[in-house]
Amino acid sequence: MKEPDKAEMQELVENLKELRNRFAVAILAVGLASIIVVFVFGSRIIPFMIHYFLPKGTKVIALSPIEYIYSIFLISVVIGIYVATPVIIYEIFKFAEPGLYPNEKNLFVRIVPSSFILLTMGLLFSFFVVIPPSTKFLVFYTQETAEPMLVLSRFVSAIGVMILSIGMIFQLPLVIAFLVKAKLVTVSWLKHRRRYMYAILLAIGFFFSPDPTPITPMIIALTLVFIFELSLIFAEHLL
């Protein structure tokens, strides 16, 4: 087996250094955004979340003296990741840029604002449509047999994970666009299987919603259908 020569090793070292530097910039952007959130909204974040996401009178407890501060830090990091998303995507692009063809660079430039817009849509959808009815129903359901007492850090962590997860789901149009670009699927193939896709999305809506009524699951399913159709548009016109 041929050993890498000095020039190849030097190139590898330089690439690793650049990756480290760009990763550090992305982490710094998240950190700065999180710190700004703490200073501007720190004392209001947790009371707002409890008031907005939970039924009135729900008890939220802290198991340690630092749990309140930790919870503020946790949700601030989630917000910081969202705010710093353009910087993160830009750093990824700059690292990959030397190995991209001109048409791939143009595609990436178009993807950056699209990705941020889709992420914003996902966060707004989770914040206004999915999470409030879900958490309130779960608390009301628990009250049938026990008095709910939520641990603050776990409550904040669950909300943060749900927000980011739904935000990532809204990146589906870009994922499908890349699959089409890689010729793993075609737009016509997806269009001809709409019925099956709609059935799957409807099942997902009912599976992930704790609401026993069909209202919230149908809203989620219709939103996923919208995302799927948006994916087809992205695949046809973004590439």
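**Helix packing and salt bridges in a predicted model**

Helices here are DSSP runs of H or I with at least four residues, strands are runs of E with at least two, and both are numbered from the N terminus.

Residues are numbered from 1 along each chain as its sequence is written, and side-chain values use heavy atoms, with hydrogens and water left out.

Now, for the chain as a whole, the secondary structure comes to nine helices and two strands, and along the sequence these follow the pattern α-β-α-α-α-β-α-α-α-α-α. Of the 239 residues, 35% count as buried, and the term buried means under 20% relative accessible area, with exposed meaning over 50% and partly exposed in between, for a 1.4 Å probe and protein chains only. Among contacts between residues at least 6 apart in sequence, 83% join residues at least 24 apart, a contact being heavy atoms within 4.5 Å.

Let me return to arginine 22, which also forms a salt bridge with glutamate 18, the closest N and O atoms being 3.1 Å apart. Arginine 22 and glutamate 18 both lie in helix 1, four residues apart, which is about one turn of the helix.

Helix 1 and helix 3 pack at an angle of about 170 degrees, with their axes 9 Å apart, the axes being lines fitted to C-alpha atoms, for helices over the stretch in contact, and the angles running from 0 to 180 degrees between N-to-C directions. That angle makes helix 1 roughly antiparallel to helix 3, given that angles under 35 degrees count as roughly parallel, over 145 as roughly antiparallel, 65 to 115 as roughly perpendicular and the rest as oblique. Asn15, Glu18, Leu19, Arg22, Val25, Ala26, Ala29 and Val30 in helix 1 meet Val87, Ile88, Glu91, Lys94 and Phe95 in helix 3. By class, this contact of helix 1 with helix 3 has eight nonpolar, one polar and four charged residues, where Ala, Val, Leu, Ile, Met, Phe, Trp, Tyr, Cys and Pro count as nonpolar, Asp, Glu, Lys and Arg as charged, and the others, Gly among them, as polar.

Next, helix 1 (residues 6–53) and helix 2 (residues 67–83) pack at an angle of about 125 degrees, with their axes 7 Å apart, and so helix 1 is oblique to helix 2. The residues of the contact of helix 1 with helix 2 divide into 15 nonpolar, six polar and no charged.

Helix 2 and helix 3, for their part, pack at an angle of about 55 degrees, with their axes 4 Å apart, which makes helix 2 oblique to helix 3. Here Ile81, Tyr82 and Val83 of helix 2 make the contact with Thr85, Pro86 and Ile88 of helix 3, and these residues divide into five nonpolar, one polar and no charged.

A search of the whole structure finds four salt bridges, and one of the pairs is lysine 59 with glutamate 147, whose side chains meet at 3.1 Å, N to O. This pair links lysine 59 in strand 1 (residues 59–61) to glutamate 147 in the loop between helix 4 (102–142) and strand 2 (149–151), 88 residues apart. Lysine 59 counts as partly exposed at 41% relative accessibility, and glutamate 147 counts as exposed at 53%.

Finally, glutamate 67 is found in helix 2 and counts as buried, because its relative accessibility is 5%. Leaving aside residues up to four places away in sequence, glutamate 67 touches Ile61, Ala62, Val151, Leu152 and Ser153.

How values were computed: Predicted model: local features only at pLDDT ≥ 70, side-chain atom pairs only at ≥ 80, totals over all residues.
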